[in-house]
Amino acid sequence: MSGAPPLRVGHGADVHAFAEGRRLVLGGVAIPHPRGLAGHSDADVVSHAIGNAALGAAALGDLGRHFPDTDPAWKNVSSLDLLARVREKVRAAGWRIAQVDATVMAQAPRLGPFLPEMTARLARALDLPEGCVNVKAVTTERLGFVGREEGIEAHAVVLLAPVDDG
Ligand SMILES: [Zn+2]
C-alpha cells in the first residue's frame with residue numbers, strides 16, 4: 001500500500017425510466033406501485049448507484065463494464081447479487097467497503113416507510129453493519145423528469161478502506 005492513499009471515496013449515479021408491467025425494486029426491496037423501472041436487470045437504481053460508487057472508488061470503472069447489458073447472464077438478475085459481486089471485485093483489488101450513503105430521488109411512491117428495509121438488505125449484500133449504510137429519499141418538488149414521475153434517480157458515495165485494515 002506504500003504510496004497509495006489510506007482511504008478511497010467514489011461517487012455513483014443512475015437513472016431508470018418508469019415502465020408498465022415491471023416490479024419496482026429499490027435497494028433490494030419490492031415496493032408496491034403501479035409501475036416499475038425499465039432495465040435489463042431488476043433496474044434497482046439505488047443498488048446500481050452504490051455499485052458504481054464502489055467500483056469508482058476502487059478505480060474499477062462502472063457496472064456496465066463488469067456486467068454488460070448485452071450479456072444474457074445479467075437479464076433480470078437481482079441487483080443485490082450484483083452488489084455482492086462488486087464487493088468481491090473491490091476486495092480482490094485490495095479494498096473493503098467501509099461506508100455507504102445513498103440518496104434516491106422519487107416523486108412517487110413515498111419511500112420513507114421502506115428505507116429501513118432497504119438499509120438492512122443493502123448492508124447484508126455488502127457484508128456491512130447496518131450502522132455503516134444510509135439511504136435517504138427526496139422528491140424533487142415536482143420539478144424535472146423525477147418530478148413528472150417519468151423515472152427515478154439515485155446517487156451514492158462509498159468509502160473504501162484497505163482490506164488489511166480490519
Ligand atoms: Zn441502472
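These are my notebook entries on a predicted model.

**Entry 1: the zinc site**

I started with the zinc ion and asked which protein atoms hold the donor positions. I found Asp14 through OD, His16 through NE2 and His48 through ND1. These donors sit 1.9 to 2.1 Å from the zinc ion. Along the chain, I read their spacing as D-x1-H-x31-H. His16 belongs to strand 1 (residues 8–19) and His48 to helix 1 (residues 45–57), so this pair ties together parts that are 32 residues apart in sequence.

**Entry 2: helix 1 against helix 3**

Next I followed helix 1 to its contact with helix 3. The two axes are 10 Å apart, and the packing angle is about 10°. Angles under 35 degrees count as roughly parallel, and helix 1 and helix 3 are therefore roughly parallel to each other. From helix 1, I listed Ser47, His48, Ile50, Gly51, Ala54 and Leu55. From helix 3, I listed Ser79, Leu80, Leu83, Val86 and Val90. I sorted the contact of helix 1 with helix 3 by class: seven residues are nonpolar, four are polar and none is charged.

**Entry 3: helix 3 against helix 4**

I moved on to the other contact of helix 3. At what angle do the axes of helix 3 and helix 4 cross? Helix 3 (residues 79–92) and helix 4 (residues 115–126) cross at roughly 40°, and their axes come within 8 Å. Helix 3 and helix 4 are therefore oblique to each other. The crossing of helix 3 past helix 4 is right-handed. On the helix 3 side, I noted Leu80, Leu83, Ala84 and Arg87. They meet Arg121, Leu122, Arg124, Ala125 and Leu126 of helix 4. By class, the contact of helix 3 with helix 4 has six nonpolar, no polar and three charged residues.

**Entry 4: Thr119**

I stayed in helix 4 and looked up Thr119. Is Thr119 buried or exposed? The relative accessible area of Thr119 is 11%, and buried means under 20%, so Thr119 is buried. Leaving out residues up to four places away in sequence, Thr119 touches Glu130, Val133 and Val135.

**Entry 5: backbone**

I then went through the backbone. Most residues other than glycine have a negative phi, and most peptide bonds are trans.

- Asn76 is not a glycine, yet its phi is positive at about 60°. I located Asn76 in the loop between helix 2 (63–66) and helix 3. Asn76 has 49% relative accessibility and counts as partly exposed.
- Asp127 also has a positive phi of about 60° and is not a glycine. I placed Asp127 in the loop between helix 4 and strand 6 (133–138). At 63% relative accessibility, Asp127 is exposed.
- Ala108 and Pro109 are joined by a cis peptide bond, with omega about 0°. Pro109 is in the loop between strand 5 (95–105) and helix 4.

**Entry 6: Asp164**

Last, I looked for Asp164. Where does Asp164 lie? I found Asp164 in the segment after strand 7 (151–162). With 65% relative accessibility, Asp164 counts as exposed. I also checked Asp164 against Arg23. The two are 141 residues apart in sequence, and their C-alpha atoms are 40 Å apart in space.

Conventions
Residues are numbered from 1 along each chain as its sequence is written. This is a predicted model: local features need pLDDT of at least 70, side-chain atom pairs count only at pLDDT 80 or more; totals for chains, interfaces and linings use all residues. Side-chain values use heavy atoms; hydrogens and water are left out. Donors are N, O and S atoms within 2.8 Å of the metal (3.2 Å for Na, K and Ca); water is not among the atoms, so sites may look incomplete. Helices (H or I, at least four residues) and strands (E, at least two) are DSSP runs, numbered from the N terminus. Axes are lines fitted to C-alpha atoms, for helices over the stretch in contact, and angles run from 0 to 180 degrees between N-to-C directions. Angles under 35 degrees count as roughly parallel, over 145 as roughly antiparallel, 65 to 115 as roughly perpendicular and the rest as oblique. A crossing is left-handed if the near helix is turned anticlockwise from the far one by less than a right angle, and right-handed if clockwise. Contact means heavy atoms within 4.5 Å. Ala, Val, Leu, Ile, Met, Phe, Trp, Tyr, Cys and Pro count as nonpolar, Asp, Glu, Lys and Arg as charged, and the others, Gly among them, as polar. Buried means under 20% relative accessible area, exposed over 50%, partly exposed in between (1.4 Å probe, protein chains only).
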